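Hi everyone, thanks for coming. Let's go through one model together, starting with a pair of helices and then moving on to the ligand.

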Amino acid sequence: MLTVFGSTALDTIRTPTKTLKNVLGGAATYAAISSSNFVKTGLIAVVGEDFSRKNHNILSKYLDLQGLTISKGKTFRYDGKYDNTLSTRSTLKTELNVLGDFKPIVPDEYKKSQFVYLANNDPEQNTKLIKEFDNVKFSMCDTIDFWISTKRSAVIKMIKNVDAVVINDEEAKLLTKEHNLIKCAKKMRQWGAKYIIIKKGEHGSLMFYDDVVFPTAGFSLENVVDPTGAGDSFAGAMIGYLASKKTTKISEIKKAVVYGNVLGSFAVERYGLDGLLKIKNGDIKKRLKSYEKMIQF
Ligand code: AMP
């Protein structure tokens with residue numbers, strides 16, 4: 001089993017072609033729905049009383065929700081706007097609401113999870129939570145500019161406590177105060193994580209371990225409408241694949257990164273969560289085949 005912890009949100013996403021208001025989102029939501037394509041996934045998250053039955057039903061269709069708390073107050077809200085090229089997103093608002101002082105409880109069944117993903121969330125909460133698992137074989141975390149700017153030393157401490165970090169290139173630079181991605185990864189490895197996966201949006205990713213760099217291409221797409229959650233879907237697929245194989249062999253970690261690129265590509269093709277929700281049986285296999293064809297020479 002895989003446990004995913006992090007934000008479940010009501011997002012307002014402003015793209016050049018469409019604005020979505022208060023739609024189901026959140027880093028943990030994207031990651032967990034993505035990983036559920038590979039393995040049973042339990043979600044630990046908090047939502048407020050404004051979280052609709054319809055959204056609850058979407059989560060329960062894909063995920064084990066023993067770890068979902070409904071608290072008095074409003075759900076975490078995020079408001080972001082993309083530029084015309086869809087390559088830059090500015091954050092207009094981050095309202096923590098019930099996430100602010102959330103004290104997560106790990107259900108007994110989840111404590112046995114050997115694979116744990118700490119999606120974007122308060123790094124102090126993430127570090128506390130990972131210590132509650134009895135038998136972790138592989139843990140991974142992400143972070144975002146909001147936490148780097150407000151709690152940088154807690155983010156560094158979180159990195160000490162996980163096996164892998166999956167982070168986008170701009171955030172890696174902001175966090176490490178380096179400009180070169182190799183230097184960024186070296187610094188994060190010195191802080192304690194063994195594997196550093198730096199995502200580069202449509203250009204794929206670089207994974208660093210030992211003295212090795214493993215680059216992967218993004219799955220090339222002509223029609224991208226909303227990149228929200230692509231990174232979370234990437235991470236969810238990666239750790240979901242590993243959890244399904246119950247392994248941390250490097251050859252499988254490399255395959256997991258490829259699945260990350262594939263699931264990320266589904267996320268950006270439609271607005272909000274729709275890209276992930278519309279995946280049908282066989283779609284992932286088919287895209288993996290095209291991906292393999294694409295990178296062969
Ligand atoms: P991504 O596009 O991969 O950066 O992830 C976008 C998702 O992250 C959105 O659905 C947001 O709800 C969520 N998010 C944005 N800011 C934060 C934050 N500070 N902490 C946790 N989750 C966040």
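Have a look at α9 and helix α10, residues 250-268: their axes come within 7 Å and cross at roughly 140 degrees. Axes here are lines fitted to C-alpha atoms, for helices over the stretch in contact, with angles from 0 to 180 degrees between N-to-C directions. Helices (H or I, at least four residues) and strands (E, at least two) are DSSP runs numbered from the N terminus. α9 and α10 are therefore oblique to each other, oblique being what remains once under 35 degrees is roughly parallel, over 145 roughly antiparallel and 65 to 115 roughly perpendicular.

A word on sources: this is a predicted model, where local features need pLDDT of at least 70, side-chain atom pairs count only at pLDDT 80 or more, and totals for chains, interfaces and linings use all residues. Residues are numbered from 1 along each chain as its sequence is written, and side-chain values use heavy atoms, leaving out hydrogens and water.

Now the ligand. Which elements each supply at least two residues of the shell around it? They are β2 (9-14), α1 (27-35), β6 (76-82), β7 (89-95), α5 (145-150) and α9 (230-245).

Of the 20 residues around the ligand, Ser 7, Asp 11, Gly 26, Gly 229 and Asp 232 come nearest; being near takes a heavy atom within 4 Å.

For polar contacts (N or O pairs within 3.5 Å), a polar side-chain atom of Arg 89 lies 2.8 Å from a ligand oxygen, and one of Asp 232 lies 2.7 Å from a ligand oxygen.

Definitions and conventions. A polar contact is a pair of N or O atoms within 3.5 Å; within protein, one must be able to donate a hydrogen and the other to accept it, and residues adjacent in sequence count only if both atoms are side-chain atoms.
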